[in-house]
Structure formats: structure tokens, C-alpha cells
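Dear colleague,

Please find the structure below, handed over for your study. My notes on what was found in it follow directly after.

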Amino acid sequence: LPLTPDGGVAREADLEQIARRGRLLVVESVAHSGAGHIGGPLSAMDMLVALYFRVLRVRPQEPDWPERDRFILSKGHSAIGLYVVMALRGYFPVEELATFDAGDSRLQGHPDMTRLPGLEASTGSLGQGLAVGLGIALGARMRGLGVHTFVMLGDGETQEGMVWESVMVAARYGLGNLTAIVDCNGLQQYGWPLPPGEDGRGDRSDPLAGTHLRAALEAFGWRVLEIDGHDFDAIVAACADARAAATGRQPTAILARTVKGRGLSFTEGRFEWHARVATADEVAAARLELEPEPEPADGVAR
Amino acid sequence: MRDAWAETLRDLAVENPDLLVLDGDLGTSTRADRFAAAHPDRFLQMGIAEQNMVGVAAGLATLGYVPWLSSFAVFFTHRAVDQVRMLVAQTHANVKIGAAYTGLLTGFTGKTHQDVEDLAIMRAMPGMTVIAPGDATECVAAVRWATATPGPVYLRLARDAGPDLFDDAYRFEPGRVIGLREGSDVLIVSTGLQSARCLAAAELLETLGISAGVLHVPTLKPVDAPAMAAAARGVRLVVTAEEHTILGGLGGLVAEILGEREPRRLVRIGIADTWGESAPNAFLLERHGLSPERVAERVARELAGVAAPVGGTDR
């Protein structure tokens, strides 16, 4: 992939191309391993691509570079989405994605920082990542490091009480160098009781129904930005805005409206694809939808 | 013992700029306030939010800090156990858990605050070092060792001071089991402040003509299993005594080791799968068979082959 001297990608169109390839790799990797999540990785894919190719100051060949920005995927069940983007960014070979969920793999079903360099936390138990990011942001400030810490949560994940402990303490310590990104894909796995008389397992839509997330975060003293989580310009701009606020005393939350399963006609907005393995036919259909157009004239590699 | 913990950290922090204390709003009880007074810039108040506190410590540790946590044991081993397990133990984070108010003797707090399951829980976690010092001297040495040694540590601190077991020559070695007294009839194995009470029990037994050895186990994990088996080799009865449930703590540890290496008749004294209550220390020790007199009685009875169904068994 073509990279600018600082490691970012040159053109906006490239981000879309990378994200398309990333989505296909998610579907293929999960199909290959026979287990994994689809909906969450696809809703987060555009943000992960924007972060790793445009926002984060990282060195994939030197993953423990002390002055790197930190990114924590608190919604750890979207791990395959993160692995795909890390592979495309050069942390490890794309071929290694075939080991996802295999025995002895560095690519665990939920991220394990002891196995894969470049992971800043072990996640998978929801609600925990923001606290680790808070500790990094606090320590970075005490060390005088100009690193920025981004933590991605799911909207369902904000049901965990621990998230709000971290929200309270981060504001209390005035950690402008901490940014929470909430992937608001609007679906959770089982859902809440349906109104009397309605059939079905539960209302999975809108995990935050009745909760005004923006108002809640603002009440705790956070800055809140709301964006379309599939608009690369908006993602990059919001992250730049958050970084610019690092010298201030308010952490920033970016509430990103997304579509679960985004990017594939048959997965978008469908709860069934929270954790489902694509059949051979579905993988073929995904390839038809996601494989890139013929090689562009300027010879950009993919 | 809590004073020894806090004052040692205060002293170590003079030379170690990376040493931090994170407090869960209990700094006066845990004595972390002594650290705070000396090093206000390295005392991080985390509020009444222990789950977050554990996560913050894990994050700080990635930057080379050595965070010590200050709260009551139950809030680590029960309320924040998933955070300890996933963010500290699994990642082998250099986080030190200063678990205050352990066991039964927690100052009239009762069932909420008496942590009598912590050893069972913490020693089940891969990679966790579990220490229960027997006196202030051992506590100081353990704090110094833990601060200097990378990796997660659970330090079981007694609220109150106990009798001295060791002098200034004491050196902490993880895993070491320490014979406090030789004996040929029975071996009493203990940990934490209970070891001093078992030593007193052995002296009472001596007046009855019973020769009781006392083995102190300051680290439940790791532990020198061959040394423990060797200590049991010459006796016909082994008794464990702990301010902890008889399920899975020291009694469980000794049962596992002797069962594999040196089978012996084993009696476990401790909290017999029941809930605690707020009461004076002496009452609680009597109720659960942990006072020197009750330990001695129990040992004498078991040695005589009388199996009386009193406190300390799980039948």
C-alpha cells in the first residue's frame, strides 16, 4: 500500500479501498477459522482504517516505540477487524490472518497483548478498555509524553458500570489526551424485552434507547463530538479535533453513528451477523461486492 | 501490619520515582495516607471505583510505573476480580495489590469486609504471586521484594499488628516455607498472623506432652512443594490453620501437595464454609477455632483419634 513519509496513506480514495479489502478479509478470516464476529468488525472498519492509516502516530515495524499513540479496542470481540487493519498497515503479514482463532495463534478470538506486539491491552471482557487507556493517558501526562490515547467502545458496552467509573475519573483528572470513540452501531446480541404482545426474542436495536449518551457524557464533564462513523473525512477531523484538545482539561468522546455489518448488502443492519460464519456462497457473494475495481490507471497497489 | 506496608512504600518511593500508590478512598484505613503526605504527586486518588482503579494501574504499568493499590481486599478479590484477572494477571502487569483488612479480624466490619476467600481466588490465577506475611518484618521484606520484582503481586495485609516472628536478619524468598518450631507428633501449617497463634498453640500442646511443629507459609503461590512435603514426613497428623475458608486456601494447598507427595491424615481449621459477622476479635477467633487454645484443643483431640464435629470441618 502506498504510504506517505509519516506512514499515513496519500489519498482519501485509498482509505475506502483499504476498508473494502479489510471487510473482505474479515469475512474470509472468520469463514476460514469457522468462528468469529462479523457485524461489529464491519461497523468499526472505517474507523479502524482511518485511525491506523491517518490518525495514529505509530511505527508498525517498531510496535513498542515509546512515543507512539495508543489505541485500545475495548470492544474486544471485534478483534478480527483490528487484526485485519494491523496486517494491512504492516504489523504482520496478511497471510497470518489465516491463523485467527487457531491454536497457538497470536490472533486470539479476543485481543491478547502478551501474544501480539502492537496491542496495548488484553480486552474481551466488556467495559475494561477505557480504564487502561485512562491509566496510559495519566501516566503519559506524568511522564511528559505527547502521546494521545484512543479507546474504542461499543454502544452496548456502555451498559457496563465500569465504563462510568472511568468516565468519572478521566474527567476528574482532566485528561484531554484521552479520547473515547463509541461505535454506535445500534444493535446488541440479545436485546431487551419487547412490548407486551410482540413476538420475538428481544429488542436488539438501539442499546441506548432511553439513554441520552451525549448528555450523560457531557454531564460528567466530557467534550462530545458526533459523527458519521463511515465518513472518513469526519472521522479524521474528529480525531484531529480531539488531539487538538489534548492540552485542555476535558477528555473527548466521539459518538460515531455506524451500521452493524456495514459494507455488505446481506449483513448490514442484521443482528444475525453479530457472530456468524459466512457460507462458501456468502464468501463468494462478499468477494463480488467487495473486490476492487480493475487496477487503477496510476498503478496504485492494493 | 498496615503501618509497615505504608511506611515501607513511603521510604521506597524516595529512591524509586516510578512507585505510585492508587487509593480507593480508604487511605486513612489502609494507612496509604502516610505515603500521600510524603509523596502527594505520586498518590493518585481513584475514588470509590475499584474496577477502574485496577484498569488504571494496568495502564500505568505499561509506562514503567510500579503502581501499588490501596483498598480493602474484598474490593479487589470480589468486586474487581475480573479486572484483576484480565488486566493484571493475564497480562502479567507490574501491578501490586495492597489488600488491606483481610481475614476475619477487620475491625467490626462483618461479612461484607471479611475476606476469607481471597487466597483461594488469587492463587487460582495463573502468574499471580500471593503473599500473606506473618509479621511486620516479613511484610516490610515482602513489600521491598514485590516492588523490585516485575509482575503481579497480591499482598494479604492484616489490619492489626501481631507478635513478632522474625528479626532483622529475615530475608524474603518467594516460595520458601519456614519452620518456626520443630515437632515430632504433629505439624501445624499456617500463614499470615495465624502463624503466631499456632506457635502459641504449640507451646500449649507442649504442656500436654505433645510435640507440635509449626510451618509458616508466607507465599501461597509460588510455594516450595518438596519442602512442604519434607516437613510433613516425620509426623502422623498435619493440621492447617488459617483466617480463611477451609475451601481452597492454605488447607487446599496443603491437601494438594501432601496428597500428591506425602499422604498424611489432614485436618483443616478455618472458616467452615459459613459467613462472618461483626464482633470482637477474640470472639471471632474462638468461634472459628483459631485462637491458640482452640487450635491446641483441636490438635490434641485429633491426635487422640477423637473426631469431634466442631468448628473447622466441612461436614
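A salt bridge is a side-chain nitrogen of Lys or Arg within 4 Å of a carboxyl oxygen of Asp or Glu. In this predicted model, Asp18(B) and Arg143(A) form such a pair, with their closest N and O atoms 3.0 Å apart. The rule finds one salt bridge across the interface of chain A and chain B. Ten residue pairs are counted in polar contact between these two chains.

Which helices of chain A supply at least two residues each to the side that touches chain B? They are α4 (129-143) and α5 (161-172). The largest share of that side, ten residues, comes from α4(A). By type, the residues on this side of chain A divide into 13 nonpolar, seven polar and four charged.

As to the extent of the interface, 24 residues of chain A are in contact with 23 residues of chain B. The two chains bury about 2,000 Å² between them, and 60% of this lies on carbon and sulfur atoms. In chain A, the residues that lose the most area to chain B are Met142(A), Arg143(A) and Glu165(A), which together account for 27% of what that side buries.

Chain A averages a pLDDT of 92, and 92% of the residues score at least 70. Over residues 1-6 of chain A, however, the pLDDT is below 50, although this stretch has 17 contacts in the model beyond near neighbours in sequence. Where pLDDT is low, the predicted coordinates should not be read in detail.

With kind regards

Notes:
Residues numbered from 1 in each chain as written. Chains lettered and ligands numbered in written order. Predicted model: local features only at pLDDT ≥ 70, side-chain atom pairs only at ≥ 80, totals over all residues. Heavy atoms only, no water. pLDDT = per-residue confidence, 0-100. Contact = heavy atoms within 4.5 Å. Buried area = accessible area lost by both parts, 1.4 Å probe. Polar contact = N/O pair within 3.5 Å; in protein donor to acceptor, adjacent residues only side chain to side chain. Helix = DSSP H or I, 4+ residues; strand = E, 2+ residues; numbered from the N terminus. Nonpolar A, V, L, I, M, F, W, Y, C, P; charged D, E, K, R; others polar.
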